[in-house]
Amino acid sequence: MGHSGQQLYERARRRIPGATQLLSKRAGLFLPGQWPSYYSRAKGVEVWDLDGERYVDMAYSGIGACVLGYADPDVDAAVHEAVCLGSMTTLNCPEEVELADLLCEIHPWAEMVRYARTGGEAMAMAVRVARAHTGREKIVFCGYHGWHDWYLAANLSENDALVGHLLPGLAPAGVPQGLRGTAFPFHYNDVRKLEEIAARHELAAIVMEPVRGQEPQAGFLKSVREISRRSGTVLIFDEISSGWRLTSGGAHLLYGVAPDVAVFAKAISNGYPMAAIIGVADVMQAFQSTFVSSTYWTERIGPAAALATIRKHRRCEVAKHLIEIGNRVKAGWRRAADRAGLAIKLGGIAPLASFAFDYPNGQTVRTLFTQLMLEKRFLATSGFYASYAHQPEHVESYLRAVEEAFAVLADAIEKKEVERLLKGPVAQAGFYRLA
Ligand SMILES: Cc1ncc(COP(=O)(O)O)c(C=O)c1O
């Protein structure tokens, strides 16, 4: 294996605070000192590093963005066309109206649409419009929703408020203390806690993913909907990761509970920046009473990519494929673990599957797993986000490698030599300062 990526990463650490723009792309979260970190090109499920080494990506498919696979020909053709026709002018691109109609057709409860280009900013817009509409300030939320002040404010009150909401340790330095007491967390499926917070505070919005790490318990989403209606609170479903996985649209379509606002990003445009906020007219009209505006929210590539992605998603029944591939991988993890005598816990919906090594040194075991899989030319960790490009043969060869790796891990655990087999430090978890 070459080392150009690791050398570049060392340079990046000195020049770019935190080395990357997205926490989830830090080498230290995967395999410190050994992770290839940078790619030269990618196609389908394959990624080539800076030394031309080829890997099959069985990790996060572009951190959830590339639901069709890397460099999808249909989406790329639409993007090339948008580039050739001019991606930006003084006038607007017609694709944004076409996309708005399509999103409202897919989600018949929604009447109006606004756009952004990233998930976090789109969530900040959704929260702003909910606050503008209700004239209230407080937010109750569950899960991870990005880096913006409204969200990190939860960690001003209790340092660990966001622990258990996907990412531990999100530090709120720089978030105004004045926002203390404006964002309150509750845990998924915990209706009692939500009721309690809603009874104590005048809330602008309930913010949550309709599904992610676990399925909703019977009646949970309906209860949330009812609490929101009763208290005049805007219900915002964050579909940035859950959208375009279980259906050709939001996951909420599957559960029959419509929010007031839903937010899409990531998979909506298969690797090109795009985000959409859709909602009922009554709430969305409040965008006219609060200033929310940005130059690059008007460029053409995002809507063109989204239209091509959504059309292919529907035409090829991509959600069915993702569920099928994800279930194969989950079943394979379970089988391999049972054969090796390893204790693992499975999690996540099938297209966004995950597992954890159920040992006190689970993170060390996971780091060794990534090292062993990298040696077999797989990008692999304890999560797998399926794409349309993942075929059963990729899953089979991956699972053969997983079986071999799990056998080595079981042996290493028994002999207490997991750490000794690591060629670098143990991977970190969550947000941390890079020295
Ligand atoms: C549920 C959810 N909300 C918001 C975000 C933030 O989106 P972005 O990274 O595009 O800003 C993410 C990203 O992982 C997410 O999974």
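Which residues have the most contacts inside the largest nonpolar core? In this predicted model, please select Leu103, Ile236, Trp333, Phe369, Tyr398 and Phe406: they have the most contacts inside that core, which has 106 residues. Next, colour helix 15, residues 392-414; this helix gives the core its largest share, eleven residues.

Return now to isoleucine 236 and display its surroundings. Leaving aside residues up to four places away in sequence, isoleucine 236 touches Met123, Ala126, Val127, Ala130, Ala205, Ile206, Val207, Met208, Val261 and Val263.

The tour continues with strand 7, residues 203-208. Six of its six residues are buried, so strand 7 is largely enclosed by the rest of the structure. Select strand 5, residues 138-141, as well: strands 5 and 7 run parallel and are joined by four bridges. Within this pairing, valine 140 has isoleucine 206 of strand 7 as its bridge partner.

For the last stop, select proline 360, in the loop between strand 12 (352-357) and helix 14 (362-375). Is this residue buried or exposed? Proline 360 is exposed, because its relative accessible area is 93%, and exposed means over 50%. Finally, select glycine 326: its C-alpha lies 27 Å from that of proline 360, and the two residues are 34 apart in sequence.

Note on methods. Residues are numbered from 1 along each chain as its sequence is written. This is a predicted model: local features need pLDDT of at least 70, side-chain atom pairs count only at pLDDT 80 or more; totals for chains, interfaces and linings use all residues. Side-chain values use heavy atoms; hydrogens and water are left out. Helices (H or I, at least four residues) and strands (E, at least two) are DSSP runs, numbered from the N terminus. Buried means under 20% relative accessible area, exposed over 50%, partly exposed in between (1.4 Å probe, protein chains only). A nonpolar core is a set of buried Ala, Val, Leu, Ile, Met, Phe, Trp, Tyr and Cys residues joined through side-chain atoms within 4.5 Å. Contact means heavy atoms within 4.5 Å. Two strands pair if DSSP finds at least two bridges between them.
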